[in-house]
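Hi there,

Here is the structure I promised to pass on to you. Have a look at it first, and then read my notes below.

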Amino acid sequence: MERTRLSQDIIETCLEMTHLGLNQGTAGNISVRYKDGMLITPSGIPYERLTENMIVFVDKNGNFEDGKVPSSEWRFHLAVYQTRPDMNAVVHNHAIYCTAVSILNRPIPAIHYMIAAAGGNTIPCAPYATFGTRELSEHVVAALRDRKATLLQHHGLIACEENLEKALWLAHEVEVLARLYINTLSVTDSVPVLNDAAIAVVLEKFKTYGLRVEK
């Protein structure tokens with residue numbers, strides 16, 4: 001797909017993420033795989049002010065275009081593409097309920113069968129590291145080895161998928177799960193969960209479930 005179209009898709013996804021209530025201000029960032037690297041949102045620019053020529057290309061070695069500054073989180077975006085060849089889009093945000101669970105430093109357990117949308121029986125919580133660091137990238141890679149989404153301790157959420165539409169859908173779904181988890185924790189700390197056998201059945205069904213990539 002041409003760069004202009006991908007850049008516009010990134011901007012539209014950013015605006016939709018805000019519309020869905022998944023992000024605030026200039027927090028969060030979005031990228032797509034492109035050539036030998038990626039296209040990613042710039043640092044510190046409100047989404048409503050973004051234009052296509054502001055989207056930054058970062059190559060596989062972490063080099064970016066002169067006169068442009070990528071999101072401070074570009075390292076973990078690039079790390080996802082380098083370690084997950086099946087993923088073509090990454091969405092990161094500071095969604096309220098996901099961030100609340102991340103502050104508790106807990107994974108989201110199998111409280112609902114839709115947990116399987118992220119590829120397993122939990123949404124993990126990667127250990128804390130300062131934003132934008134190589135250390136944080138390493139934690140992200142470990143958490144996403146067999147998942148499509150992870151919480152970041154005291155930080156937020158990352159979701160990755162085969163395209164932007166699916167990545168945003170997954171980010172929204174995980175926020176719904178986080179809200180359910182926070183609400184049930186207000187009743188009991190021993191939240192009932194589905195067993196691994198039940199989730200295994202859903203994981204198999206999810207192989208043919210969800211949004212399709214247009215041909």
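Two strands pair if DSSP finds at least two bridges between them. Helices (H or I, at least four residues) and strands (E, at least two) are DSSP runs, numbered from the N terminus. Please keep in mind that this is a predicted model, where local features need pLDDT of at least 70 and side-chain atom pairs count only at pLDDT 80 or more, while totals for chains, interfaces and linings use all residues. Residues are numbered from 1 along each chain as its sequence is written, and side-chain values use heavy atoms, leaving out hydrogens and water.

Let's start with the strands. β4 (residues 89–93) pairs with β7 in the antiparallel sense, over five bridges. Val90 faces Cys160 of β7 in this pairing. β7 also runs antiparallel to β6, joined by four bridges, and here Thr150 has Ile158 in β7 as its bridge partner. Three residues lie between β6 and β7 in this hairpin, and His154 in the turn has a positive phi of about 55°.

How many residues of β7 are buried (under 20% relative accessible area, with a 1.4 Å probe and protein chains only)? Six of its six residues are, so β7 is mostly covered.

Now for the helix. In α3 (residues 96–103), the buried residues are Cys98, Thr99, Val101 and Ser102. They line one face of α3, because they fall within an arc of 160° seen down its axis (the arc is that of the directions from the helix axis to the C-beta atoms). These buried residues pack against β5 (125–126), β6 (149–152), β7 (156–161) and α5 (164–185), with contact meaning heavy atoms within 4.5 Å. After α3 comes Asn105, with a positive phi near 55°.

Enjoy exploring!

Technical notes:
Buried < 20%, exposed > 50% of the residue type's maximum accessible area, 1.4 Å probe, protein only.
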